[in-house]
Number of protein chains: 2
Amino acid sequence: MSALETPALIVGAGPVGLFQVFQLGLLGIPCHVVDALPHAGGQCAELYPGKPIYDIPGVPATTGRGLVESLVEQIKPFTTAGTAQLHWGQLVSTVARQDDGRFRVGTDTGLVFTTQTLIIAAGAGAFVPRKLRVDGLEALEGKQVFYPDSDDIVAYAEQRGIRLGGQNILIQGDDDRALGWALDLTRHLATAHADAATLRPASVTLLHRRDAFSAVPALVARIQQCRDDGRLRFIAGQITRADTDCAEVNSAGRLHAVQLAKQDGTEESLPVDVVLASLGVSPKLGPIADWGLDLLRKQIPVDTEKFQTLEPGIFAIGDINTYPGKKKLIVCGFHECVLAAFGVAEIVFPGKPQLLQYTTTSTRLHALLGVTH
Amino acid sequence: MSALETPALIVGAGPVGLFQVFQLGLLGIPCHVVDALPHAGGQCAELYPGKPIYDIPGVPATTGRGLVESLVEQIKPFTTAGTAQLHWGQLVSTVARQDDGRFRVGTDTGLVFTTQTLIIAAGAGAFVPRKLRVDGLEALEGKQVFYPDSDDIVAYAEQRGIRLGGQNILIQGDDDRALGWALDLTRHLATAHADAATLRPASVTLLHRRDAFSAVPALVARIQQCRDDGRLRFIAGQITRADTDCAEVNSAGRLHAVQLAKQDGTEESLPVDVVLASLGVSPKLGPIADWGLDLLRKQIPVDTEKFQTLEPGIFAIGDINTYPGKKKLIVCGFHECVLAAFGVAEIVFPGKPQLLQYTTTSTRLHALLGVTH
């Protein structure tokens, strides 16, 4: 496929990545943004969407969600105009400098960018689903083992061509998402009419290491009802082994059962055709660690003039960078966006120093922002 | 008088100075703040209170006034608790390092501070009233020539013991404030009863270089009415000389008249006892220029680790500092506050490195901010 050409590619759409879009936009620099999550916000959205934040200057109190919404609103002039394009569910997998000095950046879904500058705003790394650590299950991912990034399990299964009807389904997890899947799938167990047959599993089992859940009480109560009336089996325990019809290691074969170590000390072999796991997300630096940026304890060293890395054209802002005095605070990342934007401008507009303009007075900025005075 | 002792003194209560209060507060460091203006906000309040600002991160649109109000709200936990004390109408006039390493800082009204650290957040300098540049008038300031920082001229005159009754009063200026004074004083001309006699001037004259005003139309219309009915005289022109009863230069004597060069090309000698001028404010670096901080084109060089100047213990943040990459933006000043706060903490809590805590999770910060979760 042909590469998307851009002056600037931002990796990470947390608060700092979003504000980088804004600062580039003020300098008239179009950009693309990729993020591993299916939505904006990064840590703010994943780790503390509803929790309070008191130290954003000029915002006495907000939440992770509130801050992200404001920033998404703030960059609308650029996302609406199409000068900033955001791509969700994209994990950067390859970065290479081309002969012409630009970077060729590929993602795990096959997107390819050719960019003059790369701005890493990846926080603690990409938020990727936590995986089951059981020998043999890794090779089954995408075949019989899934980590769905959606609450709507039926739609997810349809999109991926995952057969649910007639299958023994094991759901592992204790959060809203896992319990929601269990409720949706057991509902189809109870539906009598023929159309539902394609969705009616042979069995639904919910697995968590103990009989206590982090999901909201209302969901837990409905799960208990399904357990009480026998539609849903709950097991407190963990998977210890995957049993496939192929004995060779690393040659997956077909999963037909998992071996469970149960909380009560017993073991059980459970017939399983499909595993759906929701184990939360964890940040992973991923391939950034291999980009040759001389990482310092998983941080990327930058200068404080442009927040540029040792690799000219690659900038790093927010929690992922380090420099003398560095504090991992959102407010510091915002400042880094400003100076990085001017650093990017030097590369994108060589020999044309960019004058600092003020949104209060500049008619050029007013036009860019779509405001009139 | 005895000096006020404090770990930190902030010079300037613009947006950056205000956020410095917040960042020091989070580290448990009490502070005092001085500003030359009678209120918070600095340039935001003086130059663009009603104008829009679009580049505060997470605040898609606000105004100079709106931003300042939010910041004043944000530091309330500290101003309410008294750990941050703000002093208005204070121009720093002297800074000297004591033998014990602390700084002794004096203001033009006689306040004296002894502080471990000094944080200069003075923007383009202190906003001080523009003065009349006429030989002989300077020596009369505070005696017969005044630059009132108040809209209520009667209250101002009472506080300062300025006699208005029976005096020939000359008001120079064209803004809301100057025209408001003129209206208030002419009102007393029209009042018949005896009590008003102490406030009844002999005459009120409004002087501006041309017959056009920057004040709001409603005020201009009321001024025109006073001119029409003969209570107020307006002269388009400028003062060229002060006539006092003492011929010696620099020995003020008593002002009895000013020589005017009028717009129509003629001259006039106008009897005057009191001059009230409102010529706007202009930023002045003032004594900061003499503090030995190696100023670079009126900017103070700082490091980017703590935003400390060449003088240990003196920090500079916001528009007044300079370093490689510096951009004069409020968002950059906010970042500088954070790192300066940790720099101050190293001096205030020697040998006790301060851990970065998050307002989202830290119960210590929640207690400081007076919020409960």
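Predicted model: local features only at pLDDT ≥ 70, side-chain atom pairs only at ≥ 80, totals over all residues.

Colleague: Which element does Ile10(A) lie in, and does it count as buried or exposed?

Modeller: Ile10(A) is part of strand S1 of chain A, residues 4–11. Its relative accessibility is 0%, so Ile10(A) counts as buried; the cut-off for buried is under 20%. For a sense of distance, take Thr83(A): that residue is 73 places from Ile10(A) in sequence, and the two C-alphas are 13 Å apart in space.

Colleague: Okay, next topic: sheets. What should I know about strands in general?

Modeller: Now the case here. Chain B has an open sheet of 7 strands with mixed pairing, in the order S10-S16-S11-S12-S13-S14-S15. Strands S10 (145–146) and S15 (267–271) of chain B are at the edges with a single partner strand each, so one side of each has no neighbour in the sheet.

Colleague: In what order do the strands of the open sheet in chain A come?

Modeller: In chain A, the 7 strands of the open sheet also read S10-S16-S11-S12-S13-S14-S15, with mixed pairing. Its edge strands are S10 (145–146) and S15 (267–271) of chain A, each pairing on one side only.

Colleague: How do I read the pairing itself? For instance, do S12 and S13 of chain B run parallel or antiparallel?

Modeller: Look at the direction of the two strands and then at which residues face each other. S12 (residues 203–208) and S13 (residues 233–244) of chain B run parallel and are joined by 4 bridges. In one of these pairs of strands, Thr205(B) has Arg233(B) in S13(B) as its bridge partner. S13(B) and S14(B), by contrast, run antiparallel, with 7 bridges, and Gly237(B) stands opposite Lys262(B) in S14(B). Over in chain A, S13 (residues 233–244) and S14 (residues 255–262) are antiparallel with 7 bridges; there Thr244(A) stands opposite Leu255(A) in S14(A).

Colleague: And what about hairpins? How many residues lie between S14(B) and S15(B)?

Modeller: There are 4 residues between S14(B) and S15(B) in their hairpin, and Gly265(B) in the turn has a positive phi of about 95 degrees. The two strands pair in the antiparallel sense over 5 bridges, with Ala257(B) partnered by Pro271(B) in S15(B). S14 of chain B (residues 255–262) is mostly covered, as 6 of its 8 residues are buried. Thr94(B) stands opposite Gly106(B) in S7(B). This hairpin has 5 residues between its strands, and Gly101(B) takes a positive phi near 90 degrees.

Colleague: Let's turn to helices. Why is H8(B) called largely enclosed?

Modeller: Count the buried residues: 17 of the 19 in H8(B) are buried, so the rest of the structure largely encloses it. H8 of chain B covers residues 330–348 and reaches 26 Å from first C-alpha to last, close to the 27 Å expected at 1.5 Å a residue. H8 of chain B is also among the elements that cover the buried residues of H3(B), as are H1 (15–26) and H2 of chain B. Those buried residues of H3(B) are Gly64(B), Gly66(B), Leu67(B), Val68(B), Leu71(B) and Gln74(B).

Colleague: How do I read a pocket? Which residues are closest to the centre of the largest one?

Modeller: Ask how much space there is and what lines it. The largest pocket holds about 1300 Å³ of space. Of its 45 lining residues, the closest to the centre are Leu37(B), Pro38(B), Asp149(B), Arg177(B) and Val281(B). H3(B) gives the largest share of the lining, 5 residues.

Notes: Residues numbered from 1 in each chain as written. Chains lettered and ligands numbered in written order. Heavy atoms only, no water. Pairing = 2+ DSSP bridges. Expected span 1.5 Å × (residues − 1). Buried < 20%, exposed > 50% of the residue type's maximum accessible area, 1.4 Å probe, protein only. 1 Å grid on protein atoms, 1.4 Å probe; cavity = no way out; pocket = protein on both sides within 12 Å on 5 of 7 lines; lining within 4 Å. Points joined across faces, edges and corners; volume = space filled by probe spheres on them. Contact = heavy atoms within 4.5 Å.
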